[in-house]
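Thanks for coming. I will take a few minutes on one model and its charged side-chain pairs.

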Amino acid sequence: ESGDGFAYETERNGNDDITTMYVYQKKTRGKGAVDLKPVCRYQYVYAANGLLSSCTKSVWRKGGWQLFGRHAYMLTDNTYTVEFSRWNKKKTDYDLPLGRMTYTLLPNESTESIACYSRQGKNGSLELEWQMVTECQPINMAMLHS
């Protein structure tokens, strides 16, 4: 629970990683009673090596959870990639990613560069919006695990 008008509930796996997080809006009634209204749910999936591989967001609508979108996380060689895709109810599948962030890593796990890509139109290609070279800022690999 927090003081920002929202309350949070989490479920964890055997490694103490968060597998599901529920977000509720708090409404205080008379005499201090609090109602919790579901807002959204995040479901986390981890790869065999313990790194986060996806985070799916669902929103509470019409008395049930409806898929909204997914962040996919990939670590290959020296690149960490994050992509966001929206859920397409008609296709019952995710659309092509709307955006992508890539972090080029050095052997000491610090970042060498960051690039941001976005898609213009449903079927357009991902195009580079900006890129920057970092000054070997360390990336906190522990954050990639949660």
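Predicted model: local features only at pLDDT ≥ 70, side-chain atom pairs only at ≥ 80, totals over all residues.

Residues are numbered from 1 along each chain as its sequence is written, and side-chain values use heavy atoms, with hydrogens and water left out.

How many salt bridges does the structure hold? There are three, a salt bridge being a side-chain nitrogen of Lys or Arg within 4 Å of a carboxyl oxygen of Asp or Glu.

Take Glu-83 and Arg-100, whose closest N and O atoms are 2.5 Å apart. Glu-83 sits in strand β6 (residues 79-88) and Arg-100 in strand β8 (residues 99-105), so this pair ties together parts 17 residues apart in sequence. Strands here are DSSP runs of E, at least two residues, numbered from the N terminus. Glu-83 is buried at 13% relative accessible area, whereas Arg-100 is partly exposed at 27%. Buried means under 20%, exposed over 50%, and partly exposed in between, with a 1.4 Å probe and protein chains only.

Next, Arg-12 pairs with Asp-16 at 3.8 Å between the closest N and O atoms. Arg-12 is partly exposed, at 45%. Lys-91 and Asp-95 also form a salt bridge, at 3.2 Å from N to O, and Asp-95 is partly exposed at 25%.

Last, Thr-81, also found in strand β6. Thr-81 is buried at 11%. Leaving aside residues up to four places away in sequence, its contacts include Arg-100, Met-101 and Tyr-73, where contact means heavy atoms within 4.5 Å.

Conventions: Helix = DSSP H or I, 4+ residues; strand = E, 2+ residues; numbered from the N terminus.
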